[in-house]
Amino acid sequence: MASKDYTQLAEQIVRCVGGKENVSGVTHCATRLRFTLNAADKADREGVKKIQGVISLVESGGQFQVVIGNHVADVYPFVLKALGMTDAEAEQNKGGEKAEKQNLVNRFLTTITGIFTPIIGAMAGAGMLKGILILLTTFNLLATDSGTYRILYAAADALFSFLPILLAFTAAKKFGANTFVSVAIGCALVYPDMTAAYNAGDALTFLGVPVNLMSYTSSVLPIICAVFAQSKLEALLKKVLPSMIRNLLTPLASLVVIVPATFLIIGPVTNTVGNTLAAAYTALVSFCPPVAGFIVAGIWPLCVMAGVHYGFVPIVINNIAVYGRDTLFTITGVCNMAQAGATAGVFLKTRNPELKEISGQAAFSALIAGITEPAMYGVNLKYKRPFYFVMFFSAIAGCITATVGAGASALVGTALLTLPAYAGVGFAGFLIACAIAFFGTMICTYLFGFDDSMIDNA
């Protein structure tokens, strides 16, 4: 079936953000077009919100975020065409007035979003497969020594084992580095001989300097920092090397300098930082799990609303690498169920045909796939009271989830389809928390949070 033509929508959006001359970069996540503008005051904010096909507008993390919905990936190529940009040019995010004014936190969030967004879908799929395999082996439906299990587990675990290679690719596009040199650096970190040396406890030196070997499988920060350093080295070499030898010597110099530097300096330093973050988070949650879960899950809808939730992805992946499982996105995952429940309450209560269609689709998307932006921006925030119930029941469910110690062995978004990924410690409690989040918000929204008289005032 032919894909839908979004030319008109894309042209309207580009016109309202100030035209193609005002856009220095654009990426997309699961539901949003994330623009970096040269001058934010040239954008027509009210005009963007009035475009048919746009759910909402968010300005956060130094980005002008246009919320489209689940079909944003289909709209994105039409936006690139309207901008006259290639995918690589758009994601490189060249800067501009808006980018220059970003503080360090906003620049960090923008960078992390650009690096992780392209692989989130694949990570979620692999995480779901891991969960399914856990269930099958738990109930003795599949033997761990069977060929079927080993092949399926390879499909589920390979992405995480070789994560530095995937991150090298996306980080290269973000930092403007040579993509395949970056991938080669990522490959070096998980090269079988180096992994074997680490596992065997071998003592290695480089030019007489001792190497602090560590496992880089499933690691995040080392390769991102290595590619950043590579991009700066390439920029320097581009200025000093004659053009006739630049294409030959730049990749050579990058490999000779960055790979040893990563094993000697970048890797150990970033590994220490990552382990410290993981330990700090674990200590915080362990100190008083119910209170930590209540607070973290209660404010999480605000983080999603501001579009900064992707900034926590490195912590989640590092938790999995260090401890074998993560609880942060498990505690906050119940918020997806709360968003779905509140929107379902509006769907059941309203008699307005248009709102019933919008709320029904948004609730289904949040419940089945964990995509909550249509529910949040299209319904819950619009009528306010449903969103308050989302925050309250998210906090209650987060309190339960943290108390039972539920977690996931892979990065997934919470939805009905992904529940198998949470199988293990605290799984039953997590299911109860999800049920409370969904049905609690649905019932309270239906009874107290919405009536059709609110439509005209929204």
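How many cavities of 30 Å³ or more does a search of the whole structure find?

Author: Three cavities of 30 Å³ or more turn up in a search of the whole structure. The model is predicted, so local features need pLDDT of at least 70, side-chain atom pairs count only at pLDDT 80 or more, and totals for chains, interfaces and linings use all residues. Residues are numbered from 1 along each chain as its sequence is written, and side-chain values use heavy atoms, without hydrogens or water.

A cavity is a set of points on a 1 Å grid over the protein atoms alone where a 1.4 Å probe fits but cannot get out; lining residues have an atom within 4 Å of a point. The largest cavity holds about 40 Å³ of space (the volume filled by probe spheres set on points joined across faces, edges and corners). Its lining consists of Leu189, Met194, Thr195, Leu213, Met214, Ser215, Tyr216, Thr217 and Phe263. Six of these residues are nonpolar, three are polar and none is charged (Asp, Glu, Lys and Arg count as charged; Ala, Val, Leu, Ile, Met, Phe, Trp, Tyr, Cys and Pro as nonpolar; the others as polar).

Now the rings. The whole structure has ten aromatic pairs (Phe, Tyr or Trp six-membered rings with centres within 6.5 Å; under 30 degrees is stacked, over 60 edge-to-face, the rest tilted). Tyrosine 422 and phenylalanine 430 make a tilted pair, with 4.5 Å between centres and 35° between planes. Tyrosine 422 is buried, at 1% relative accessible area (buried is under 20%, exposed over 50%, partly exposed in between, with a 1.4 Å probe and protein chains only). Phenylalanine 430 is buried too, at 0%. Phenylalanine 438 and phenylalanine 439 sit 5.0 Å apart at their centres with planes at 85°, so this pair is edge-to-face. Phenylalanine 438 is buried at 13%; phenylalanine 439 is partly exposed at 44%. Elsewhere, ring pairs join Trp300, Phe312 and Phe329 into a cluster.

Last, a strand (a DSSP run of E, at least two residues, numbered from the N terminus). Five of the five residues of S4, residues 63-67, are buried, so the rest of the structure largely encloses this strand. Gln63, Gln65 and Val67 lie on one side of S4, and Phe64 and Val66 on the other. Side chains alternate between the two faces of the sheet in a regular strand. Strand S2, residues 32-37, runs antiparallel to S4 and joins it by four bridges (pairing takes at least two DSSP bridges). There, arginine 32 stands opposite valine 67 of S4. Strand S3, residues 56-60, also pairs antiparallel with S4, over five bridges. Glutamate 59 has phenylalanine 64 as its bridge partner in S4.

How values were computed
1 Å grid on protein atoms, 1.4 Å probe; cavity = no way out; pocket = protein on both sides within 12 Å on 5 of 7 lines; lining within 4 Å.
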